[in-house]
Amino acid sequence: MKLSKILQYSDDNLAKHLDDELLAKIGNDVVKGYEDDLESRREWEEKNAEALKLAMQVVEKKTFPWPGAANIKYPLVLTSCVQFNARAYPALVPSTRVVDMRVRPDAPTEVTQIASHVSNILNWEILTSGEWEDGQDLLLMMLPLIGTVFKKTYYDPEKGRNCSVPLHPSNFVVDYWARSLDGCERKTHVQYKLPNEIEEKKRLDWYLDIDLSPSHVNATEVEKVGDDARGFQRPAEAGTHRILEQCCWLDLDEDGYKEPYVVTVDHASGRVLRLTDNFKQLTLIYMGSRITVAPEEYVDEYDSFKVGKITENNYYTKYGFIRSADGGFYDVGLGTLLGPINRSVDSILNQLVDAGTLSNAQGGLLSRNIRTRSGAINVAPGRWVRTEASGEELRNGVFPWPVKEPSLVLFQLLGLLMEAGQKIGSVSDTMMGQNPGQNQAATTTMTVLEQGLQVFSAIYKRVYRAMTDEFRKWYELNQTYGEDPEAYQLPSELLIPTADPSSVAQSQKMLKAEALKAAVMQAPHLYGFEGQVLAEKRYLEALGETNADELLANAQEPQNPEAMAAQAEAEQKQAEFQHRVQMDTMKEQREQERTKSTIMKDMATVKTKIQNASLAQEKQAWQQVYDQMQVELDLMRVTNERITGMARASNNSSDSKAA
């Protein structure tokens, strides 16, 4: 099948257009790949099953050293996981904003507004439903125990919105030696569906309409541990199917280069139910030039191009705890690290309790000469048993078991192991909120807390990076399925979580916020007014205030008292100068008015004389006098305009200095 034909069926089930022989081969390859990947991580899975037993306090029956012997399970692993969740959840998932789009400080106003708008939309989508936050809480509880948890971020057409749900490693399988999620050969999401769900998918034309034989789904090791912890075994649902949704690479166009697809297969029968392309971007080569396009572009012309590379959509995000020392894909958790110590602690505790039981209950051998009433003799306070033996016979005929009291060496070893486990899990008394003592300084306590939290700094950064990848997948889904895809013009690389992985404890956040605020107050000229507002906002957020923006909405720039006094003095001098200019202007205007009035009067007289003059020579003389007066009047008008302009300029200068 040609690539252009494959892309024309991108919104349909490609399995409808493939022959049965090819579908059977694809189904067998998917099942075999899944089982090979499952086998590659078997040892890792078995270790986590044992760790889950410790965390869930699974009590197994004991017959050694005798039936009913001590069977204590010390919650060292569980306490460590709870402590990690209690610290990481509020630190990495703020209550108001979990994601932000950061742009350059010198970015245009339009870009800044778009980034702010998109950030508000994403925070509303992620936090409003509560589904994401609940899933993240669950993830941060599973992660320290198992070491690796996955999240699937996808668009759900039935709900009409994006979803991001945590996946337990038992339901998501990758080869143990895979380099990364982007570089692995296949990724398999294991789903369990009832016959009615399968029928529903068929009727919606999502699955092929084929008959699947009933299958019995056996519980995994992890599910068995859960059943043991609850004390009962769940009955297997009749006809439950294990469905494999695998992202893999197939060469359907037979050009020697495999393309990414998503294949849905029934595990028991190997029948393909659905097959769709998983193309994200295509790099095409035409006449030596490379172009990168979306799958829906140039569909009709793909046969004229040479495909250089195809990038797949990756809907999965890996959350890791501590990287494996052997370089494997799956990280390790506290269940693996603390499992041997926890089992040793349980063993020593049980030995100490059993030794104490033997020492307290006692017992031994009785000589045949000791005659007692039939039946067992039970020891009870204030109770005496009558016997026919004499005291001498009792001293010589009663032989107690040679039982020692609980060993002090074992008790010291128990303390050593528990201390080692607490160091690994960071569950010391101080880290759990207990008072370290009245003689310890507060600064020393803060230093101890900081050093204790340093153990998990790298883990918080890994979780932070994983959250960044998850949010960017959410953003890219909105570019395709969002209500306003044009609003998502900025690149997804600008999106980052608002959490600070370097400050996990509330006390750390407060110390950093107070130090920043003090630095800004000492050198306000270095930070400016906006820097002062930002420092105050971070201080309020460290206090737990959720309405910091509203509180600082009417912030006004403070003024220096010396500068205010100098400005007041300058304003007073300016006002006095302005008053003098106004008075001089008014005086000058009055003088000009009087002169003008006199000139006008004289001009009227001259004009009358000119009119009454009989001689032409006299008329010409008076005409010259009139013209001279007209020139003087124009000169006075120009002078008056200049004085008025000076006064206006003085007023403008005073207003600008006051501002």
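**Figure 1. The whole protein chain is our starting point.** This is a predicted model, in which local features need pLDDT of at least 70 and side-chain atom pairs count only at pLDDT 80 or more, while totals for chains, interfaces and linings use all residues. Residues are numbered from 1 along each chain as its sequence is written, and side-chain values use heavy atoms, with hydrogens and water left out. The protein chain holds 18 helices and 15 strands; helices (H or I, at least four residues) and strands (E, at least two) are DSSP runs, numbered from the N terminus. Of its 659 residues, 38% count as buried, where buried means under 20% relative accessible area, exposed over 50% and partly exposed in between, with a 1.4 Å probe and protein chains only. Contact means heavy atoms within 4.5 Å. Among contacts between residues at least 6 apart in sequence, 69% join residues at least 24 apart.

**Figure 2. Here we visit the loop between α3 and α4.** A cis peptide bond joins F64 and P65, with omega about 5 degrees. Q57 lies in the loop between α3 and α4 too. Phi of Q57 is near 55 degrees, a positive value in a residue other than glycine. Q57 is partly exposed because its relative accessible area is 26%.

**Figure 3. Next comes the loop between β6 and β7.** E254 lies between β6 (241–250) and β7 (259–266). Phi of E254 is near 55 degrees, a positive value in a residue other than glycine. At 69% relative accessibility, E254 counts as exposed.

**Figure 4. Helix α4 meets helix α13.** Two packed helices are described by the angle between their axes and the distance between the axes. Axes are lines fitted to C-alpha atoms, for helices over the stretch in contact, and angles run from 0 to 180 degrees between N-to-C directions. The axes of α4 (residues 76–92) and α13 (residues 457–481) come within 12 Å and cross at roughly 45 degrees. That makes α4 oblique to α13; angles under 35 degrees count as roughly parallel, over 145 as roughly antiparallel, 65 to 115 as roughly perpendicular and the rest as oblique. In α4, F84, R87, A88 and L92 meet I459, Y460, V463 and M467 of α13. By class, this contact has seven nonpolar, no polar and one charged residues. Ala, Val, Leu, Ile, Met, Phe, Trp, Tyr, Cys and Pro count as nonpolar, Asp, Glu, Lys and Arg as charged, and the others, Gly among them, as polar.

**Figure 5. Helix α6 also meets helix α13.** The axes of α6 (residues 131–146) and α13 come within 13 Å and cross at roughly 150 degrees. The two helices are therefore roughly antiparallel to each other. From α6, the contact uses W132, Q136, L140 and L143, and from α13 it uses V463, M467, E470, F471 and W474. By class, the contact of α6 with α13 has seven nonpolar, one polar and one charged residues.

**Figure 6. Our last view turns to cysteines.** A disulfide is counted as a pair of cysteine sulfur atoms within 2.5 Å. By this rule the count comes to zero disulfides. C247 is in no disulfide, and the nearest cysteine sulfur, that of C248, is 7.7 Å away. C247 is buried, with a relative accessible area of 4%. C163 counts as buried too, at 0% relative accessibility.
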